[in-house]
Amino acid sequence: MTTHARIAIVGGGMMGIGLLYHLAEEGCTDVILIEKGELTSGSTWHAAGQCPSFVGNYNLAKIHSYTIELAKKLEDMTGQSVSWHQCGGIRLATNQEELDWFHFVKGFDDNCGSSTEIIDVDEIRRIHPFLTTDNVLAGARTTRDGHVDPSGMCQALARAARKSGVTIQRNNRVTDIRALPGGEWEVVTENGNIVAEIVVNAAGCYARPIAQLVGTDVPVTSMEHQYVVTGPVQEFVERDEEVPVIRDPYASCYIRQEQKSGLIGIYENVNLAEPWLPEGVPPWESDSELFPDNLERIMPWLEKALERVPILADAGIRRVVNGAITHTPDGAPLLGPAAGLRNFWMCCGSSFGIAQGAGGGKYLAQRMLPGDSEINMTGMDVRRFGHYADESYSRAKVFQDYGRTYATALPGEELPAGRPRRTSPLYEKLREHGCVYTAGFGWERPQWFSLDGREENYSHRRNNVFDTVAAECQAVREAVGLTDLSGFAKFEVSGPDAGSFLERVFANNMPRRVGGIVLAHFLSRNGRIGGEATVTRLDDNAYYVLSAAAAELRDLDHLTQGASKDEDIRIDNVTDERGALVLAGPRSRDVLAKLTDADLSSEAFPWLTASEISINGMPVRALRVNYVGELGWELHPAVEYMSDLYDALWQAGEDHGIRNVGLYAVNSLRMEKAYRAWGAELTNEVTLLDADMERFAAFSTKDFTGSEATREQADMERRWDLVYLDVAAVDSDVRGGEPVYLDGQFVGVTTSGAYGHHVGRSLAFAYVGPDQSGTGTRLGIDLLGERCAATVLAEPVYDPENLRLRA
Ligand SMILES: Cc1cc2nc3c(=O)[nH]c(=O)nc-3n(C[C@H](O)[C@H](O)[C@H](O)COP(=O)(O)OP(=O)(O)OC[C@H]3O[C@@H](n4cnc5c(N)ncnc54)[C@H](O)[C@@H]3O)c2cc1C
């Protein structure tokens, strides 16, 4: 019996085995995988095996793409049959919004090195002659994807991994996991204990009880999901070629050929879907289990599916598979470290685990071993969910998400389930002002303000809130705007060693003077960007660290796990204790001056400084900094003052044309200033040098985490350059993930974009090769099926000298 391993993986389904294989591929073979039953005996064995390449998330598309390429060659590599069927797929569009989305997603697939074709109804019928296409507008045709035998694929990966020297223990349940004083984990199993440096939770539907063993949680709900297999279909018997997998939003289903039969899987409407076990604790004895059929539940959609492929109706239903499928609140898997724990990782929560196991395992293994993955893992990081994502939240969101598996999510679309979770004291007040909220890391944050009661017509194209957002931008550029950004993650770092500690964990120099503010980044050892923060020096030994709302738990880990035992520091997460109101615009000084005796002149209170001031008698931490590029202050009072502070500012601002401003406008304004965004331009894929932010890396004057790699990179040729682009867009703007071309050749990818309302130009960021990044280079970007010209700009289109900020 193995008693020690560097890494112990709990769970031998597609996700655990995908990781096991890739850890071995990366050269780490001191790994043990522990499975309570037989390999694949959880959700994996009964899956329908589809591995689609048309995926509405760029980084997940890369994961699927990798899995598909591996599945194709696995049989040759290992000698184990995986039953790969490269039948391709067609996703059907039944309205214009879906078709627009196809063009957007096609960009991801094109970026991944393959190509989706948007085809018309005649071509759909030529490829799949058995479809009825009455309500179909077009199809997204992929040819390199297909389906695999999930058990065969797992066995093949397990066989290859075993050959490399890893250990797999079957029929051995993990019953407890304990933290040892030396930092290792003791994994208690039915057959003895194993001490491991790192533990990975790949327990599928059991991921929650496994997480709870170490005092944490995962936002996962297990749903029942059903597919039916028909009897043999004569038309299939008579054909040599397999028909492609059809994905149909009308019937909320996938339909494919299974040998000479048909297979139909249904994602029924949320109100009828049932979670597996209301209490969420599956019995440990459950092994290779299915639930009783419940055809009645899926019948309304099954009928529509049979309308779509009528030849299946005559074949009769031969078999029903009703199995457990894990879902997370946003439908993406959980791949990354557990918040607040060292060396405890998650590899679970996948509802497309057959398509995601190998690819997810590859990129997670890269992240666990050398420390960075090739793809942006932000959207899969477990810490994108906070403590607000408890069981009831997960369940509400998962119900919503499950039924929308084949629904097309529209940009800006807000869905109601599980909300609100985290609100600022201004929540109701701003609602009365017409605030339309968007949820981020549980927070309800202002997206835009509906002053005439209009509702947004969600669309991939500019829509009926375009003018409203323009007016919010105008207020900031010409008068004054007020934005509630209380969701900012906020930390106070104090103690005698606070300064030296922050110098080590951040790439930039810390402010020398009390009241100074700097922009600073957490880097990995390889110099890749892990996070971005605004650091204010409060006094000799105290600092205020602000970062994106969604980064709260990640950055808390950066801070707490970056500290060494002998450092005398204290880290307080004060996110919920302080609010944040941004007052910005040329009139902001006039507004604030009515309420404070503090000297607000640039001489006394310059840009990039902070001070504790009194506003209408309320103590407020005021930072002269903002993300919209105007004269302005971020005001951070204790939450109990937020409401009175807002009222005072609003009243003082009325004569100056004050207006509430939401995040749509903030995005437009920051693009005009060419401010990068964490998670879009600043990700684990790139370095500060790639992002053209060398000035924030003090690698020539100090040592910090990632400094050595940054120094090395400074002497090397660049892989990527971030370019800022003026896009000749017509009625839609860059969202990120669109392919970039030069002379018809694919050369890069966009990261984000927006229409700059003040300058009247559509703007974007993209990473391209160093040869394509020169100012004035004429690139092309595919926007909803149209190739638009895009010109590389030399500097921000608005106030490149920061005169407005310094005003
Ligand atoms: C009907 C159906 C059809 C599907 N079709 C598709 C499809 O076409 N394509 C696709 O991509 N996905 C599909 N899925 C989803 C897919 O099956 C899952 O996403 C995937 O199997 C999840 O893999 P996993 O490794 O996370 O979980 P699992 O396969 O459940 O593996 C987790 C393992 O952990 C083990 N375990 C749990 N607790 C312990 C413990 N304490 N000690 C030791 N071992 C433990 C379990 O026994 C289990 O084997 C389908 C699902 C269903 C239900």
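Q: How many cavities of 30 Å³ or more does a search of the whole structure find, and what makes a space a cavity?
A: The search finds 4 cavities of that size in the structure. On a 1 Å grid over the protein atoms alone, a cavity is a set of points where a 1.4 Å probe fits but cannot get out. Rolling a probe the size of a water molecule over the atoms shows where empty space is left.

Q: What kind of model is this, and how are its residues numbered?
A: This is a predicted model, in which local features need pLDDT of at least 70 and side-chain atom pairs count only at pLDDT 80 or more, while totals for chains, interfaces and linings use all residues. Residues are numbered from 1 along each chain as its sequence is written, and side-chain values use heavy atoms, with hydrogens and water left out.

Q: How much space lies in the second largest cavity, and what makes a residue part of its lining?
A: The second largest cavity holds about 110 Å³, a volume being the space filled by probe spheres set on grid points that are joined across faces, edges and corners. A lining residue has an atom within 4 Å of a point. This cavity has 14 such residues, and T483, L485, V582, V628 and V666 are the closest to its centre. β21 (480-484) and β27 (581-584) each give two or more residues to the lining, with β21 giving the most, 3 residues. Strands are DSSP runs of E with at least two residues, helices are runs of H or I with at least four, and both are numbered from the N terminus.

Q: How does the lining of the second largest cavity divide by class?
A: It has 10 nonpolar, 3 polar and 1 charged residues. Ala, Val, Leu, Ile, Met, Phe, Trp, Tyr, Cys and Pro count as nonpolar, Asp, Glu, Lys and Arg as charged, and the others, Gly among them, as polar.

Q: Why is a space called a pocket rather than a cavity?
A: A pocket is an open set of points with protein on both sides within 12 Å along at least five of seven lines, whereas the probe cannot get out of a cavity. The second largest pocket contains about 1,200 Å³. Its lining has 40 residues, with G371, L523, S524, H558 and Q561 nearest the centre. The largest share of this lining, 5 residues, comes from α14. The lining comprises 16 nonpolar, 14 polar and 10 charged residues.

Q: Which residues come nearest the ligand?
A: They are E35, S43, T44, S350 and G353, out of 39 residues around the ligand. A residue is near a molecule if one of its heavy atoms lies within 4 Å of it.
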